[in-house]
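Subject: Structure handover

Hello,

Here is the structure for your files. Please open it alongside this note.

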Amino acid sequence: MKIESALLLTLAAVSSNAFSVVPSNGVATRASSSSLQMGMFDFFSEEARQARELKRQKEIEEQERLQKIIRERRNDPAKMEEYENKVRVRRELRMKGDDAAADKVNFYENVEEQTLLDGTKGLN
């Protein structure tokens, strides 16, 4: 019985080439040496690390700009009053059920022109 199963296993291994795809011209081709970026280990590549770092830096810059606007608004009574008016309008729109219009109320204007906390411009 052991000999028969070993023989069947050997025959299966040898005959596995029978199911491989051969090109129509009969010439076997070589696999490409280029690597595809499709695996889960691509997360550890240098390019992926740089992309994550760039994304993280952009998020930090955006948060700094928004934080600066919030601080300026809190220190300026006119800007604070304008903000409170926008909040009131947005709340009224939401109470009426007009969520689409309420989402369009812009609390942060001229964000791109704001400098960052370190004095740089941020958006190039």
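Below is what was found, from the whole chain down to single residues.

**Ground rules**

This is a predicted model: local features need pLDDT of at least 70, side-chain atom pairs count only at pLDDT 80 or more, and totals for chains, interfaces and linings use all residues. Residues are numbered from 1 along each chain as its sequence is written, and side-chain values use heavy atoms, with hydrogens and water left out.

**Whole protein**

The protein has 4 helices and 0 strands. From the N terminus, the order is α-α-α-α. Helices here are DSSP runs (H or I, at least four residues), strands are runs of E of at least two, and both are numbered from the N terminus. Of the 124 residues, 13% count as buried. Buried means under 20% relative accessible area, exposed means over 50%, and partly exposed lies in between (1.4 Å probe, protein chains only). The protein exposes about 10,900 Å². Carbon and sulfur atoms supply 56% of that area. Areas come from the Shrake-Rupley method with a 1.4 Å probe; for residues, only the protein chains shown count as cover. Take contacts between residues at least 6 apart in sequence: 49% of them join residues at least 24 apart. Contact means heavy atoms within 4.5 Å.

**Helix α2**

Helix α2 covers residues 46–75. Its 30 residues should span 44 Å at 1.5 Å a residue, and its end C-alpha atoms are 44 Å apart, which agrees. The expected span is 1.5 Å times one less than the number of residues. The buried residues of α2 are Glu61, Arg65, Lys68, Ile69, Ile70 and Arg73. Their cover includes α3.

**Where α2 meets α3**

Helix α3 runs over residues 77–96. The axes of α2 and α3 come within 5 Å and cross at roughly 110°. That makes α2 roughly perpendicular to α3. Axes are lines fitted to C-alpha atoms, for helices over the stretch in contact, and angles run from 0 to 180 degrees between N-to-C directions. Under 35 degrees counts as roughly parallel, over 145 as roughly antiparallel, 65 to 115 as roughly perpendicular, and the rest as oblique.

On the α2 side, the contact uses Glu72, Arg73, Arg74 and Asn75. On the α3 side are Pro77, Lys79, Met80 and Tyr83. These residues divide into 3 nonpolar, 1 polar and 4 charged. Ala, Val, Leu, Ile, Met, Phe, Trp, Tyr, Cys and Pro count as nonpolar, Asp, Glu, Lys and Arg as charged, and the others, Gly among them, as polar.

- Lysine 86 lies in α3. Lysine 86 is buried, at 17% relative accessible area. Beyond four places in sequence, it touches Val105, Asn106, Phe107 and Glu109.
- At 9% relative accessibility, valine 87 counts as buried. Valine 87 and alanine 102 are 15 residues apart in sequence and 9.4 Å apart in space, C-alpha to C-alpha.
- Leucine 93 is also found in α3. Leaving aside neighbours within four places, leucine 93 contacts Asp98, Ala101, Ala102 and Val105.

Best wishes
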